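Reader: I'd like to go through this one slowly. Can you show me the structure and let me ask how you know things?

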Amino acid sequence: MRQLALPSYHIIIGAIEDSLSAFLKDKSYSSVAVIVDENTKEHCFQRIEPVLPDHYVIQIPSGEQHKTLNTAQKIWSQMVQNNMDRHSLVINLGGGVIGDMGGYAASCYMRGVDFAQIPTTLLSQVDASVGGKLAVDFQGLKNFIGLFRDPNVVLVDPKFLKTLTPQELRSGYAEMIKHGLIQDVNIWNRLMQNDPWDGMDWEAEILESIAIKKKVVEADPFEKGLRKILNFGHTIGHAVETLSFSTDKPLLHGEAIAVGMAAEVLLSIEKCNLNLDDARIIIKHLSSVYSDIDLSILSRSDELINYLTKDKKNRGGRRLFSLLSAIGKSEYNVEVSPEEITASLSGLQNAWL
Ligand SMILES: NC(=O)c1ccc[n+]([C@@H]2O[C@H](COP(=O)([O-])OP(=O)(O)OC[C@H]3O[C@@H](n4cnc5c(N)ncnc54)[C@H](O)[C@@H]3O)[C@@H](O)[C@H]2O)c1
Ligand SMILES: [Zn+2]
């Protein structure tokens, strides 16, 4: 087992049977609830069941469309029905949807009970489960109702990834690329050299990737400054993701972020002097891993700009981006004009292989 210590909690990477029993060993929770969806119930729950004390299973339907106050309310109802008191533990066994919503539900229940994150998708292992952001979507607005609160522990077992679809795996891989690009050229170089789907040391790479996120959020837990670099690829990426939902080819989060990163690499050349050769290499890698993504959506630049201008991370109608000044180095609060965005969107349609 490998361990990363945050000031208030630990992230433990290794076999879940060992890490979960070690976490529970010296605890005396009055009750334990495990939140699952139909997929994590089928593929992941049997791994943790043998080491759990008496517990309740709260099953919710999978999918972002269920990341709502309505589902959170159903979680609370079951917690009340099971007489869970403030000395209880909630275990969130699932991807980012369960982690964000289960963490939110646990944090509000009786003003907050303990919760453990057991992320079971690559995206949630390297990204969502670390950093304390918890939320549900509200009236179609993503992550609009929520709070910051750290879990009591994060237990990461790369073996859970075996039952993920290749598309989900590739979605999480985009966030690993992002961590390398914004902070660590060595991560980027290793990801470039190894075929991601064959011969990669997942446990080691997941650990490195989490370490980047951990370092950044520790330095700026409430996103006043540095933490914004984690938004690289996300300003355009979120707009692409949202717009894709109204087409017959909706994109997964990481797929949209891959497109967003490529477009923002083009902006980085203009705005942050990113070296042209490095920009080419990044776009080449992204366009080979995500080669099947249809980029026709990029021609809807007015809609994309309109959407990203409303992004809750912007202030006063200014469009603020996190961009790269080199591979492994990033800047935040870089103001970009609509014309520059339009140029990057059409430039990417030509640069994407
Ligand atoms: N809190 C944060 O900092 C943060 C960061 C990034 C993303 N997020 C949030 O994370 C969510 C996306 O997370 P996600 O990509 O994990 O999606 P997800 O939680 O919807 O999971 C994707 C799919 O995989 C299934 N699944 C999960 N684990 C599995 C396994 N081991 N085997 C087979 N199937 C499995 C799920 O049931 C689901 O159908 C979004 O809501 C996003 O807002 C939060
Ligand atoms: Zn993301």
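**Asking how we know**

Author: Let's start with Asn-143, which sits in strand 8, residues 141-148. Keep in mind that this is a predicted model.

Reader: Why is Asn-143 called partly exposed?

Author: Buried means under 20% relative accessible area and exposed means over 50%. Asn-143 comes out at 26%, so it counts as partly exposed.

Reader: And what is said about phi of Asn-143?

Author: Phi is near 50° there, a positive value in a residue other than glycine. Asn-333 has a positive phi too, about 60°, and isn't a glycine either. You'll find Asn-333 in strand 11, residues 329-335.

Reader: Why does Asn-333 count as partly exposed?

Author: Its relative accessibility is 37%. The in-between class runs from 20% to 50%, so Asn-333 is partly exposed.

Reader: How much of ligand 1 does the protein bury?

Author: The protein buries 87% of the 860 Å² that ligand 1 exposes when taken alone.

Reader: Which residues around ligand 1 come nearest?

Author: Out of 25, they are Asp-37, Glu-64, Thr-120, Thr-121 and Thr-163. The shell divides into 6 nonpolar, 10 polar and 9 charged residues.

Key: Residues numbered from 1 in each chain as written. Chains lettered and ligands numbered in written order. Predicted model: local features only at pLDDT ≥ 70, side-chain atom pairs only at ≥ 80, totals over all residues. Heavy atoms only, no water. Helix = DSSP H or I, 4+ residues; strand = E, 2+ residues; numbered from the N terminus. Buried < 20%, exposed > 50% of the residue type's maximum accessible area, 1.4 Å probe, protein only. Near = heavy atom within 4 Å. Areas by Shrake-Rupley, 256 points an atom, 1.4 Å probe, with all protein chains shown as cover. Nonpolar A, V, L, I, M, F, W, Y, C, P; charged D, E, K, R; others polar.
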